[in-house]
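Hi everyone, thanks for coming. Let me put the model on the screen, and then we'll walk through a few places in it together.

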Amino acid sequence: EAFASLPSLDDLVAYWKMDEAGSVPRIDSSGNAHTLTVNAAVNSTTGKINNGADGSAGYLFTNDTAFAAAGPFTAFCWARPINTVTNGAVLGHFTSTGPSGWKIQQQFNDRWSFVTGAIQVEHTTAIVAGTYFLLIVTSDGAGNGTIRVNNGADVAGAVVIGNPAIPFRVL
């Protein structure tokens, strides 16, 4: 899979390599000190680039105010689902039971979605268990969002970013 090079680290708010071993905080490699805290167990696993994090028993989060804005943003991650029937989020401002700001979510119908409250922008690329996916979402801060999977075509739609003050979670 071809993909563009990562932007300069000077342009990033946070960049977590997920190279730490075991269920320990994940260090922000951007130099901006946005460390992710562990909730329950998050173990190391083989990743697309170096290592990854296995959140099947827990998740990583930050309450850092740098992520508490509804303005324009781009977020991206690699994800490798273990099955195609899980309805689970992998990145964003969300809780397991309550309201969300936004999230990248694996849908029950084998698709990735950019979900903001009750609105979702669903990509057309089918999820294949055990396959790595590069997931990119953007919001222009004015109600428009896109999701891109594996550098394919963008799927655009209306988004309403809810409460971005909800903790930012990974996995």
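S139 is buried, because its relative accessible area is 5%, and buried here means under 20% with a 1.4 Å probe and protein chains only. This is a predicted model, so local features need pLDDT of at least 70, side-chain atom pairs count only at pLDDT 80 or more, and totals for chains, interfaces and linings use all residues. Residues are numbered from 1 along each chain as its sequence is written, and side-chain values use heavy atoms, with hydrogens and water left out.

Back to S139, which sits in strand β8; strands are DSSP runs of E, at least two residues, numbered from the N terminus. Its side chain reaches the backbone nitrogen of G141 at 3.3 Å. Beyond four places in sequence, S139 has contacts, meaning heavy atoms within 4.5 Å, with residues including F73, F114, V159 and I161.

Now, which residues have the most contacts inside the largest nonpolar core? They are L91, W102, I104, W112, F114 and L135, in a core of 29 residues. Such a core is a set of buried Ala, Val, Leu, Ile, Met, Phe, Trp, Tyr and Cys residues joined through side-chain atoms within 4.5 Å. Strand β3 gives the largest share, four residues.

Last stop: T131, in the loop between β7 and β8. T131 is partly exposed because its relative accessibility is 28%, and that class runs between 20% and 50%. Setting aside residues up to four places away, T131 touches A79, R80 and P81. Thanks, everyone!

Methods: A polar contact is a pair of N or O atoms within 3.5 Å; within protein, one must be able to donate a hydrogen and the other to accept it, and residues adjacent in sequence count only if both atoms are side-chain atoms.
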